[in-house]
Amino acid sequence: MMNMFTVSGSPHIHASESSKKIMYGVVIAMVPAMLVSVYFFGLDALRVLLLSVVACLFFEWLIQKYLIKGQLTINDGSALVTGILLAFNVPSNLPGWMIIVGALVAIGMAKMSFGGLGKNVFNPVLVARVFLLISFPVQMTSWPKPSPITKGFVDASTGATPLGILKEGLGADPPKTISELAPKLPGYMQTFTGDVGGSMGEVSAIALILGGLYMLYKKIITWEIPVSMLLTVAVFSGIFWGINPEQYADPLFHLLTGGMLLGAIFMATDMVTSPMTSGGQLVFGTGVGLLTILIRIWGAYPEGVSFAILLMNAVVPLINRGFKPRRFGIKPGVEIA
Amino acid sequence: MNNIVIIAIAALGSLGLVAAVILYFVASKFKVYEDPKIDEVEEALPAANCGGCGFPGCRAFAEATTSSAKKNKSLEGLNCPVGGNDVMQTVGNILGLEVEMTEPLIAVVRCNGSLANTPAKVKYEGATSCAFAHALYGGEGGCQYGCLGLGDCVDACDFDAIHMNPDTGLPVVNNKCTACGACVEACPRDIIELRKKGPKDRRIFVSCVNKEKGAPAKKNCSVACIGCTKCDKVCKFDAITIDSFLAYIDFSKCTLCRKCVEVCPTEAIWEVNFKPRKAKPVQPKTTAETSAEKASARKPATKKVSAEKADARPAPEKKNEA
Amino acid sequence: MPARHLKRRTKHNSGKMGILKTFALGGIHPEENKLSSDAPIERLALPGQAIVPLGQNLGVPSKPVVKRGDLVKVGQLLAETGGFISANIHAPVSGKVAKIDNVIDGTGYKRPGVIIEVDGDEWLDEIDRSDELNTEISLDGKEIIDKIKTAGLVGMGGATFPTYVKLMPPPGKKAEYLIINGVECEPYLTSDHRLMLEKGPEILVGTRILMKALNVEKAVIGIENNKPDAINHMQELAKSLDGITVQPLKVQYPQGGEKQLIKAVLNREVPSGKLPIEVGCVVQNVGTAFAVYEAVQKNKPLIERVVTVTGMAVKKPSNFLARIGTPIGQLIEAAEGLPEDTGKIIGGGPMMGKALTSLEVPVVKGSSGILLMKKEEASRKPEGPCIRCARCTSVCPMGLEPFLLSRVSKLGKFDMAENEKIMDCIECGSCQYTCPASIPLLDYLRLGKNKVGAIMRSRGRN
């Protein structure tokens, strides 16, 4: 028998790129933030991470095998990314069963019920975070105080996040001013390294920025969404800060606290739930930035990144329809008959 | 307090009144008269919206029949292939017209280039689409007329009437076929044809569309029509024509005498749902295209064959053994 | 703009080349793998039997004018144009017409062709077979076009559009620039590269002939800077010639596409659905320029061409000057045989070439190369779900959304595909090349283009 040749349409070569590589690239980018969270929150952080990852993988396997009955997809790395990000979005002292519930919501409700990878409308991790926040508000907002692993294990006490302190102080009766609250708030250096209360993955700005730079270098994300989102936050909060610095926090504070960087770098840039073209991505990022500050200043919750991203996720199909790439040979606005 | 209640009732009441008046005028101004018979006809139709009649849906067909009945007093040229004679009779009754009986048709796959009969010479990789593969190359087996086996016909069928047989790589039509013609349209190689269903589902056809000369056709496919004209010579009813080395049986002239089947040297002519011949020792060319139960219930004689190959054409290997 | 992502730049010495131009939208940079760029063009031995398909050009197949048993000489007319967009075909060998029958061609279909039993190598007397360079252009524009038409010239880059049609702009349109395409952006292929190095003066005469035929003052030869030797050589030769410049270009696929090349060289954008003449340009391949030289100055019709035979497992990657009608099997033999684990034979380059089904497929006017791929290179990766990464969109040189177009084509929503400009797709394959989920995007795009094209044609008829 002679050689059986293959026939297929062109192109006959393929870049070495694959979905799996992209997913594992994201995992590598999350390593610094993982290390920092373990450093500040100790073995608890490790427990949450492991539990979340295992639960996400398990649910993905279970649903794919028995409900969708398709090819097994747990190797593609997407459930792994979801698991780590879910862990990043919860306090490190969250009870284990709540994490499992979160994983079920993320994988089962937000991802697989739409048909699996690539078909979900909302960011699965944020759906789970918001679900947990609304269902278990106390546990989800009792943040352990960071205590570096080098100092040995101390009894984990809980406290509020910088944004929580701010919201509570400004809303108190009589309202306090920012300068009155300042002693309670962490310094910029602390928020930069991660020595503050908060969800375990979102505390350290430097670790997140490192991961972001890695993903930019590897072309996993593009600059549009993070830059437009952070810029909008800076400008918008800057305006209010300029009007009344006693009432409104400064832009840097907004940028470095809460889930802002985690959201801008890892959550809003999720390929599946963000727009396709660079124009659309700029609009998306700007929208997230605006909504975040709106919620932070006037909303009932101290933090608004998750809600802002989920809200913008909902309009992504519209953005995709409105922002087409620039077509070759068609001048914008000119219809060619 | 009372005042508020009265004002509210008065305001809402007058608002409602104004809206009602506007609605009334709009409704009467823009009223479109529709023949109530259209609804009746539509009700009688199968509601498959398959487009087999040539109209974009059952509603459009109902409109067409109704207007044709009004204008021309006939339903000529209008036929719902899915509903068949029963439905057309009902439509005729509604519209008060006589309807001619039409012969029921069925889709017939005219290729037997199965995996065994037409061994693959190259391997195809790419989109599961016959239309694309047809534009790309000749076909895995080398026959540029034969079935590509990627199932565009199966995708086109709204009635679950055509399926791929994984053993042969060819589509198989079952009795659910309504002759809507969607698969005929979908096949890029014009392999599927609507043919007369035949008495007791019996039909004879050339299961090949290869227009090559005998030798090259036979080189790629062991059961190709080689255009030898034997069938043409044996046919007393002038039902067979040969064009570009390919025989075609006109089903309106064919009397199902089966003479051509006997003389065909490549077994390219098929007879389906006939009783097995007595004279010849083993000749299991007779097959059931219908489902097993139906075939066996009606024709106990073909039971063996039908049971062997439930709803599929005979596997070519079997044929060759015989 | 994410258009830039995924682009891996290789370092070329761009220092002395001045500013490198390229096109703006999308583009990719696959491994170049120009294995045969140092192999000089070798003349291939005559085949025992030449198989000359009658459909060698875009458009209408040619009509045979010989019959079985006829004795033909090299250069004699075998088949004449079958319509407006069609080309003459000449006998590439001398011998007896064995039969006119269906022969397998590059499309994998058997189509009519002329089979000639080769006997000796007897040429028509009027063909000048000397290697002497003839720079004197004695014919006028119209005579040149007639000559090119008679010689059966088609675009040698692969699209095989009859050359003379391009040289006759529609009324009211005037060409301003002639662009000679020496880009060769397809990985692996080197036939144009070698031709520029070895036949530079002839190409420049061909360019001048084309300029005269088109009545244009300016010609630009675009060459990617992964061929610095060709750029230097052509620049050196063009120095003394008025109006001809050599433009080095940054390496980027698909720069060899007409519209991309015009954008890169002149920064003009051909409007959607229009031809290059709309912006005053006519693009011709360097191979065509050489063929024009031979046809006009040497009276030699298009009967042979340079074909690259290459591939990772090929023992001796080569460039052959082969007669039209030579079975590709013979070329592969000359490159020291078909490697054991060959899984795919491609006529053309790896991005836009066609997978061939047999070794009997003959060399035709549009064959630029034969690429042999190993089994492990030949298979596609399994298709995964779309993760909406938008890479296909960012690499599309036409600014289309391949993910969307392929999906609507698959679902049969052809009106939507048409609105989203599916007919602008140049089938360069960048989208599918870059898709991390290995979705056969271009397969479905082609399907959609076929269907939309058919719908548009039927609309035109009504």
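**Helix packing, domains and chain contacts**

In chain C, helix H3 (residues 191–198) and helix H7 (residues 286–298) have axes that come within 9 Å and cross at roughly 45°. The model described here is predicted. The crossing of H3(C) past H7(C) is left-handed. On the H3(C) side, the residues that meet H7(C) are Ser191(C), Asp192(C), Leu195(C) and Met196(C). Their partners in H7(C) are Val286(C), Gly287(C) and Phe290(C). Classed by residue type, this contact of H3(C) with H7(C) comprises four nonpolar, two polar and one charged residues.

Helix H2 (residues 36–44) of chain B packs against helix H4 (residues 84–95) of chain B at an angle of about 165°. Their axes are 9 Å apart. Because angles over 145 degrees count as roughly antiparallel, H2(B) is roughly antiparallel to H4(B). H2(B) passes H4(B) in a right-handed crossing. From H2(B), the contact draws on Lys37(B), Glu40(B), Val41(B) and Ala44(B). From H4(B), the contributors are Val87(B), Thr90(B), Val91(B), Ile94(B) and Leu95(B). Six of the residues in the contact of H2(B) with H4(B) are nonpolar, one is polar and two are charged.

Chain B is divided into two parts, domain 1 (36–95) and domain 2 (105–321). Five residues of domain 1 of chain B and seven residues of domain 2 of chain B form the contact between them. The domain 1 side of this contact has four nonpolar residues, one polar residue and no charged residues. Chain B has a mean pLDDT of 82, and 86% of its residues reach 70 or more. Over residues 281–322 of chain B, however, pLDDT stays under 50. For that stretch, the model has 76 contacts beyond four places in sequence.

Chain C is divided into three domains. Domain 1 of chain C is formed from two segments, 45–127 and 301–377. Domain 2 of chain C covers 129–298, and domain 3 of chain C covers 391–461. Taken over C-alpha atoms, the centres of domain 1 and domain 3 of chain C are 31 Å apart.

Contacts between chains were examined next. Where chain A touches chain C, 33 residues come from chain A and 56 residues from chain C. On the chain A side, the elements that give two or more residues are strand E1 (5–8) and helix H1 (19–41) of chain A. E1(A) gives the most, with four residues. The chain A side of the contact with chain C divides into 14 nonpolar, 15 polar and four charged residues.

Chain A also touches chain B. This contact takes six residues from chain A and seven residues from chain B. Strand E2 (residues 122–125) of chain B supplies the largest share of the chain B side, four residues. By class, the chain B side that touches chain A has four nonpolar, one polar and two charged residues.

Key:
Residues numbered from 1 in each chain as written. Chains lettered and ligands numbered in written order. Predicted model: local features only at pLDDT ≥ 70, side-chain atom pairs only at ≥ 80, totals over all residues. Domains from an automatic or database assignment. pLDDT = per-residue confidence, 0-100. Contact = placed C-beta atoms within 7 Å. Nonpolar A, V, L, I, M, F, W, Y, C, P; charged D, E, K, R; others polar. Axes fitted to C-alpha atoms, helices over the stretch in contact; angles between N-to-C directions. Parallel < 35°, antiparallel > 145°, perpendicular 65-115°, else oblique. Left-handed = near helix turned anticlockwise from the far one by under 90°.
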